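Reader: I would like to go through this structure term by term, asking at each point which value stands behind the word and which rule the value is set against.

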Amino acid sequence: MKTKKITTVLVAIIIATGFTSQIMAQELSGREIVEKVYNLPTGDDQTSDLTMTLINKSGKKRIRKIKQFTKDMDNMEKSIMFFQSPADVKNTSFMNWTYDDDSKSDDQWIYLPALKKTKRISSDSKSDYFMGSDFTYDDLGDRKLDDDTHKLIGTETIDGVDYYLVESTPKDEEYMYSKTKTWIRKDIFIGLKKEFYDEDEELLKILHIKKFEEISGLMIITKSEMHNVQKNHKTTMVLSDIEINTGMSDSKFTERMMMRGM
């Protein structure tokens, strides 16, 4: 069973309590803490329904229904999503391939039915926001552990729960975020809050994990919210009807399937 690299949704399934937790707090570096967050077992494949809600500064909502599929393919992980509603985005699809090889960046494609054309997302476009949401294309991919320098900058207790606070600084000075800060639960190594800072080191947006559940023995994020504090705009993502290890076909993850749809 493959372990997943980090995404905007930071989750792990490591348990450490009592005296053991105190020892780990003394010994773990920032990188070691984040590495534990990376190492989440995800199963062989996963299918789910995704409800994406865009909320503007006036509180007006736009709701999008999506079907998504993910599969581990030994040396890479592939995912694809199909927009089902509303009408203006129906039949749009997005595909992401993430490689275990640290030297290879994600490959991403989007199919726009109005143009009847599949477009590959270039590296220059990965800072663009995805389908009007507060997630960039880069946020939807997997970031490699050693793309950043991770530093433990403190600990906090929130509502009786102890957290590590880790600051991650990109090694690439041209990267879209100057740094991120992640609050990671000490007992189960789940990142429940992440702050993103822009190129001027001003707070840009905050990711909150609202809900996670154990499904088929795996910890799965089922509700998250990204809040762009500079634009006062939010995007919530809610997963439902989650199925794991269904034995889906490799042929689902192709440009032909993007154009054909489900």
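Author: Let us begin with helix H2 (residues 30–38), whose buried residues are Gly30, Ile33, Val34, Val37 and Tyr38. Seen down the axis of H2, these buried residues fall within an arc of 145°, so they line one face of the helix. The model is a predicted one, in which local features need pLDDT of at least 70 and side-chain atom pairs count only at pLDDT 80 or more, while totals for chains, interfaces and linings use all residues. Residues are numbered from 1 along each chain as its sequence is written, and side-chain values use heavy atoms, with hydrogens and water left out.

Reader: What makes a residue buried, and how is the arc defined?

Author: Buried means under 20% relative accessible area, exposed means over 50%, and partly exposed is what lies in between, with a 1.4 Å probe and protein chains only. The areas themselves come from the Shrake-Rupley method. The arc is that of the directions from the helix axis to the C-beta atoms, and helices (H or I, at least four residues) and strands (E, at least two) are DSSP runs, numbered from the N terminus. As background, an α-helix has 3.6 residues a turn, so residues three or four places apart point the same way.

Reader: Why is the contact of Asp146 with Arg31 called a salt bridge?

Author: The closest N and O atoms of Asp146 and Arg31 are 2.9 Å apart, and a salt bridge is a side-chain nitrogen of Lys or Arg within 4 Å of a carboxyl oxygen of Asp or Glu, so the pair meets the rule. Asp146 lies in the loop between helix H3 (137–140) and strand S9 (148–158) and Arg31 in helix H2, so the pair ties together parts that are 115 residues apart in sequence. Asp146, at 36% relative accessibility, counts as partly exposed, and Arg31, with a relative accessible area of 32%, is also partly exposed.

Reader: How many salt bridges does this rule give, and which residues are joined into one network?

Author: The count comes to eleven salt bridges. One of them joins Lys211 with Glu213, with the closest N and O atoms 3.7 Å apart; Lys211 is partly exposed at 44% relative accessibility, and Glu213 is partly exposed at 30%. Through salt bridges that share partners, Arg31, Glu35 and Asp146 are joined into one network.

Reader: What makes Asp172, Glu173, Glu174, Glu199, Asp200, Glu201 and Glu202 a negative surface patch?

Author: Asp and Glu count as negative, as Lys and Arg count as positive, with His and the chain ends not counted. Patches are made of residues with over 30% relative accessible area and no salt bridge, like charges being joined within 9 Å and nonpolar side chains (Val, Leu, Ile, Met, Phe, Trp, Tyr) within 5 Å. The place of a charge is taken as NZ of Lys, CZ of Arg, CG of Asp or CD of Glu. It is under these rules that the seven residues you name form a negative surface patch.

Reader: What is noted about the backbone of Glu201 and of Phe189?

Author: Glu201, in the loop between strand S12 (191–197) and strand S13 (203–215), has a positive phi of about 65° although it is not a glycine. Phe189, in the loop between strand S11 (179–185) and S12, likewise has a positive phi, of about 55°, and is not a glycine. Phe189 is buried, with a relative accessible area of 0%. Most residues other than glycine have a negative phi, and most peptide bonds are trans.

Reader: Why is Asp74 called exposed, and why is Tyr164 called buried?

Author: Asp74 lies in the loop between strand S4 (61–72) and strand S5 (76–85), and its relative accessibility of 70% makes it count as exposed. Tyr164, in strand S10 (residues 161–170), has a relative accessible area of 1% and is therefore buried.

Note on methods: Areas by Shrake-Rupley, 256 points an atom, 1.4 Å probe, with all protein chains shown as cover.
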